[in-house]
Amino acid sequence: MAYDIIGDIHGCYDEFKLLTEKLGYEWSNGIPIHRDNRLLAFVGDLTDRGPNSVGVIKTVCALVKQNKAIYVRGNHCDKLYRYFLGRKVQITHGLETTVEELSRLSKDAKKEIASSFRQLVETTPLYAVLDDGKLIIAHAGIRSDYIGRHDKKVKTFVLYGDITGETNKDGTPVRRDWAVKYEGHALIVYGHTPVTQPRFINQTVNIDTGCVFGGQLTALQYPEMKVVSVPSSLEYVPEKFRSFES
């Protein structure tokens with residue numbers, strides 16, 4: 001099976017639609033379908049910060065329900081899921097934009113979105129193991145010795161990365177560069193940490209190119225290993241991007 005793996009969308013629906021069209025997907029039935037039966041795959045963080053999280057939710061939920069896409073959750077997805085469950089979460093770090101969008105919907109429409117999103121999260125894996133284990137999609141990445149595990153420690157790593165427990169000045173967690181030490185054979189495709197260009201290192205690829213911060217929305221075509229991107233329509237915020245020495 002051939003996949004087009006898309007980085008963190010964060011509510012950038014227009015760029016998502018543009019990218020899928022560039023990849024050869026047609027939207028004649030309201031969702032992107034490829035004539036050659038390629039599947040879309042999502043590294044998580046569909047929502048928050050961008051202008052149309054509801055549109056992204058509707059599209060991805062419909063795709064997955066029809067077995068036309070692979071989805072794994074991100075930390076923002078996990079937080080929105082807990083919000084929909086009625087758990088106590090802070091309406092910050094982008095969730096406030098999604099909540100505001102939802103507030104403009106009718107009661108029934110909001111209820112339908114909440115139900116669809118809960119089902120999406122509850123029926124999809126924490127991380128996806130594809131192509132007989134040669135390809136793994138995990139939101140913030142995964143260590144080789146964690147593959148096959150789904151305990152709390154692994155969930156924290158997959159959703160947030162290799163966090164130290166400390167926080168940066170902007171309130172975000174300090175994260176170790178796990179990819180530089182990765183020695184596994186499976187290709188790990190992930191996002192979570194915005195970079196100006198896709199980062200290839202040690203059989204890992206970070207494809208979060210910060211669309212919601214004015215960068216690009218990027219897809220990695222597998223098995224071709226071809227990168228396809230479209231520019232963001234939003235204002236560029238350089239301090240949101242991480243640089244690496246490697």
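**From a strand residue to the pockets**

Asp-4 lies in strand 1 (residues 3–6); helices (H or I, at least four residues) and strands (E, at least two) are DSSP runs, numbered from the N terminus. This is a predicted model, in which local features need pLDDT of at least 70 and side-chain atom pairs count only at pLDDT 80 or more, while totals for chains, interfaces and linings use all residues. Residues are numbered from 1 along each chain as its sequence is written, and side-chain values use heavy atoms, with hydrogens and water left out.

With a relative accessible area of 0%, Asp-4 is buried; the term means under 20% relative accessible area, whereas exposed means over 50% and partly exposed in between (1.4 Å probe, protein chains only). The Asp-4 side chain has a polar contact of 3.0 Å with the side chain of Arg-38, and another of 3.1 Å with the side chain of Gln-221. A polar contact is a pair of N or O atoms within 3.5 Å; within protein, one must be able to donate a hydrogen and the other to accept it, and residues adjacent in sequence count only if both atoms are side-chain atoms. Setting aside residues up to four places away in sequence, the residues that Asp-4 touches (heavy atoms within 4.5 Å) include Leu-23, Tyr-25, Leu-39 and Leu-220.

Arg-199, in strand 11 (residues 199–201), is also a buried residue, with a relative accessible area of 7%. Its side chain makes a polar contact of 2.9 Å with the side chain of Asp-177.

Next come the nonpolar cores. In soluble globular proteins, nonpolar side chains tend to be buried together. Here a nonpolar core is a set of buried Ala, Val, Leu, Ile, Met, Phe, Trp, Tyr and Cys residues joined through side-chain atoms within 4.5 Å. The largest has 43 residues, of which Ile-6, Ile-9, Phe-42, Leu-46, Tyr-71 and Phe-117 touch the most other members. Helix 2 (residues 53–65) supplies the largest share of this core, seven residues. A second, separate core has 17 residues, among them Tyr-146, Ala-179, Ala-186 and Ile-188.

The structure holds one cavity of 30 Å³ or more. On a 1 Å grid over the protein atoms alone, a cavity is a set of points where a 1.4 Å probe fits but cannot get out, and a pocket is an open set with protein on both sides within 12 Å along at least five of seven lines; lining residues have an atom within 4 Å of a point.

The largest pocket holds about 860 Å³ of space. It is lined by 32 residues, with Arg-49, Thr-172, Pro-173, Arg-175 and His-192 nearest its centre. Helix 3 (75–84), strand 8 (162–167) and strand 9 (173–176) are the elements that give two or more residues to this lining, and helix 3 gives the most, with four residues.

The second largest pocket holds about 310 Å³. Of its 14 lining residues, Lys-58, Cys-61, Ala-62, Lys-65 and Ser-116 are closest to the centre. Helix 2 and helix 5 (107–122) are the elements that give two or more residues to the lining of this pocket.

Definitions and conventions:
Grid points are joined across faces, edges and corners, and a volume is the space filled by probe spheres set on the points.
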